[in-house]
Amino acid sequence: MKMQQINMKTTGTPDVLFIEETEIPQPQAGEILVKVAYAGVNRPDIMQRQGLYPMPKGVTPIMGLELSGTVSAIGEGVMAFKPGDEICALTDGGAYAEYCIVPATQALPIPKDYSLLEAAALPETLFTVWVNLFMHQQVKSGERLLVHGGTSGIGITALTLAKGLGIETFATVGNEEKAAVIRQLGGAPINYKTENFAEVLKQQGGVDAVLDLVGASYFQGNIDSLRQNGRLFLIGFMGGNIAENVDLLTIALKRIHITGSTMRSRTKLEKAEITQSLRNELWGKLGNGEIGKPIIHQVFDFKDVAKAHIEMDKGTHIGKVMLDFTLLNQ
């Protein structure tokens, strides 16, 4: 049996992406085979295409870190799902395809009142934000959180969860349209093009935590923005990964905790623990409306994957960019 998937000839611009035909994979023990409905386009996909994202050993080179779809087959020992179940999942890669193998421990049922499209926009950002900020109550109700890249998929997820958990939020944005979205999500926008976010926050008494996708160019500003015992969570490096001229004394005097993480390098056991935590602590809140739904910026037919990557490259999107595989067999 054959399927279609998106591959790339070499690293580079979006035109390196192409569609090929290949064999449908078969699930091994502990795995499920998913017929993909929708897949999310995420920043790590862009970096992988550009040759800037080191691939973990043994994972598929096919892009795509999140999906929704229908279980087509199950491997030995899988008890939680059966063929025909609709699920969403964090993958280890491979979601840019008609069918994708997923560890069963990284799959979740579609939340109540969610469409397959909405559910596909959840895993990558939810797993990342949950484990960094909330899984171990790193940021708690009554505290203040600054989110950089506030209208990115990660940013919107962080702000939405924080609002539902009683956390005051601020977010950096580049224009008024994005600022309006931040206000709708209950946050206070800071225009990084016209304002110095660290100065704005210092005047308002600082924040307890910062979720940063930018990296080096914002590092000192983050330190200046944090209160005593503040926490800095580094999850992206769009502004570089080498921070120069940093005042280490301030870090010591404020007793600041700095952590960094990537999702893809985590073990299957770690991802399974995050999945279970999300199911236990958050899935019911998604289903009953306590936590707002993801914002979908634009949906592209999978054949237009290059256009989807161009849209991400522009950096003007608000919310998630998605690929639609549902038209394949219609």
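Arg43 sits in helix 1, residues 43-50. Helices (H or I, at least four residues) and strands (E, at least two) are DSSP runs, numbered from the N terminus.

The model is predicted, and local features need pLDDT of at least 70, side-chain atom pairs count only at pLDDT 80 or more, and totals for chains, interfaces and linings use all residues. Residues are numbered from 1 along each chain as its sequence is written, and side-chain values use heavy atoms, with hydrogens and water left out.

## Exercise 1: Arg43 and its helix

Task: State how accessible Arg43 is, and find what Arg43 and helix 1 touch.

Solution. 

Step 1. Arg43 has a relative accessible area of 25%, so it counts as partly exposed. The scale is: buried under 20% relative accessible area, exposed over 50%, partly exposed in between (1.4 Å probe, protein chains only).

Step 2. Apart from neighbours within four places in sequence, Arg43 is in contact with Met238, Met312 and His317. Contact means heavy atoms within 4.5 Å.

Step 3. The backbone oxygen of Met312 is reached by the side chain of Arg43 at 3.3 Å. This is a polar contact, that is, a pair of N or O atoms within 3.5 Å; within protein, one must be able to donate a hydrogen and the other to accept it, and residues adjacent in sequence count only if both atoms are side-chain atoms.

Step 4. Turn to the whole helix. Helix 1 packs against helix 11 (residues 305-314) at an angle of about 105°, and their axes are 10 Å apart. That angle makes helix 1 roughly perpendicular to helix 11. Axes are lines fitted to C-alpha atoms, for helices over the stretch in contact, and angles run from 0 to 180 degrees between N-to-C directions. Angles under 35 degrees count as roughly parallel, over 145 as roughly antiparallel, 65 to 115 as roughly perpendicular and the rest as oblique.

Step 5. Helix 1 supplies Arg43, Asp45, Ile46, Arg49 and Gln50 to this contact, and helix 11 supplies His309, Met312 and Asp313. By class, these residues are two nonpolar, two polar and four charged. Ala, Val, Leu, Ile, Met, Phe, Trp, Tyr, Cys and Pro count as nonpolar, Asp, Glu, Lys and Arg as charged, and the others, Gly among them, as polar.

## Exercise 2: Helix 3 and two partners

Solution. 

Step 1. The crossing of helix 3 with helix 4 is right-handed. A crossing is left-handed if the near helix is turned anticlockwise from the far one by less than a right angle, and right-handed if clockwise.

Step 2. On the side of helix 3, the residues that meet helix 4 are Thr125, Leu126, Thr128, Val129, Trp130, Leu133 and Phe134. Their partners in helix 4 are Gly153, Ile154, Thr157, Ala158, Leu161 and Ala162. The contact of helix 3 with helix 4 has nine nonpolar, four polar and no charged residues.

## Exercise 3: A lysine in helix 9

Task: Is Lys271 buried or exposed, and which side chain does it join in a polar contact?

Solution. 

Step 1. Lys271 belongs to helix 9. Its relative accessibility is 3%, so Lys271 counts as buried.

Step 2. The side chains of Lys271 and Asp92 are joined by a polar contact of 2.9 Å.

Step 3. Beyond four places in sequence, the residues in contact with Lys271 include Leu90, Thr105, Phe127 and Arg266.

## Exercise 4: Positive phi

Task: Where do Asp113 and Asn245 lie?

Solution. 

Step 1. Most residues other than glycine have a negative phi.

Step 2. Asp113, not a glycine, has a positive phi of about 65°. It lies in the loop between strand 7 (107-109) and helix 2 (116-120), and counts as exposed at 57% relative accessibility.

Step 3. Asn245, also not a glycine, has a positive phi of about 55°. Asn245 is in the loop between strand 12 (226-234) and helix 8 (248-254), and is exposed with a relative accessible area of 77%.
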